[in-house]
Amino acid sequence: RIIMIIHSCTHYLDRIKYVAHLRTLKVNFISNLIQRIVKLIRGLLTLSYTLELSEQQIQKRIDSLGIFPVKNKRRLLTVIASDPKIALSNTDDRLGIELDLKVQIRPIISITGHVMMQAAVDYDATSGEFRLDDPRVSDLQIKGLPGEYANVVREILEAIAVGVLSGITIYQFQSDDKYQRMAKRLLKKVAVEDDRLKIKVGLL
């Protein structure tokens with residue numbers, strides 16, 4: 001009988017050890033699962049990236065290209081656009097570019113003015129480049145311009161907008177930045193907020 005009691009106790013202890021082992025496995029499984037979920041969430045968060053560009057940063061980029069002044073001639077009319085100034089407005093998600101103008105009408109008329117152009121920001125996920133797209137003339141101010149030349153001047157400026165501004169790269173993701181490299185595949189939103197151009201890319 002003593003032997004039977006010892007055998008029963010041993011069996012009972014083995015059962016306790018087995019149950020404890022199962023509980024340990026369950027705890028380890030749950031712990032590993034939680035760690036993987038946390039790692040996945042962190043990975044997804046790195047796939048969301050908001051790029052913020054100030055007027056000064058975009059201005060520096062445009063200036064570095066050295067594309068202005070731009071001259072365009074049409075018959076007796078010459079239009080010179082120069083000194084681009086970046087303008088970000090919180091009421092519009094397009095990027096504004098103000099240019100000084102000089103209009104020469106041969107042989108003796110020479111007048112100055114300003115033009116405001118606005119462009120959207122297009123994104124190339126393959127190269128990670130942000131480019132100006134669909135530039136348009138939004139406002140034209142030239143005092144003293146004879147009415148018969150107004151349409152021609154606007155046509156010239158529209159041509160300058162498309163031919164010069166369209167496709168300009170204002171920023172490119174850095175290939176050596178792992179967060180930018182991971183996030184650059186998907187454009188989520190382009191908006192002007194707090195006088196900055198904010199571009200959100202990524203999954204979230």
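Asp134 counts as partly exposed, at 31% relative accessibility. The term covers the range between buried (under 20% relative accessible area) and exposed (over 50%), with a 1.4 Å probe and protein chains only. The model is predicted: local features need pLDDT of at least 70, side-chain atom pairs count only at pLDDT 80 or more, and totals for chains, interfaces and linings use all residues. Residues are numbered from 1 along each chain as its sequence is written, and side-chain values use heavy atoms, leaving out hydrogens and water.

Asp134 pairs with Arg136 in a salt bridge. Here that means a side-chain nitrogen of Lys or Arg within 4 Å of a carboxyl oxygen of Asp or Glu. The closest N and O atoms of Asp134 and Arg136 are 2.7 Å apart. Arg136 is partly exposed too, with a relative accessible area of 46%.

Over the whole structure, a search finds 11 salt bridges.

| Salt bridge | Closest N and O atoms |
|---|---|
| Lys85 and Asp83 | 2.7 Å |
| Arg131 and Glu129 | 2.4 Å |
| Asp134 and Arg136 | 2.7 Å |

Lys85 is partly exposed at 34% relative accessibility. Its partner Asp83 is partly exposed, with a relative accessible area of 41%. In the pair of Arg131 and Glu129, Glu129 is buried, at a relative accessible area of 16%. Arg131 is partly exposed, at 25%.
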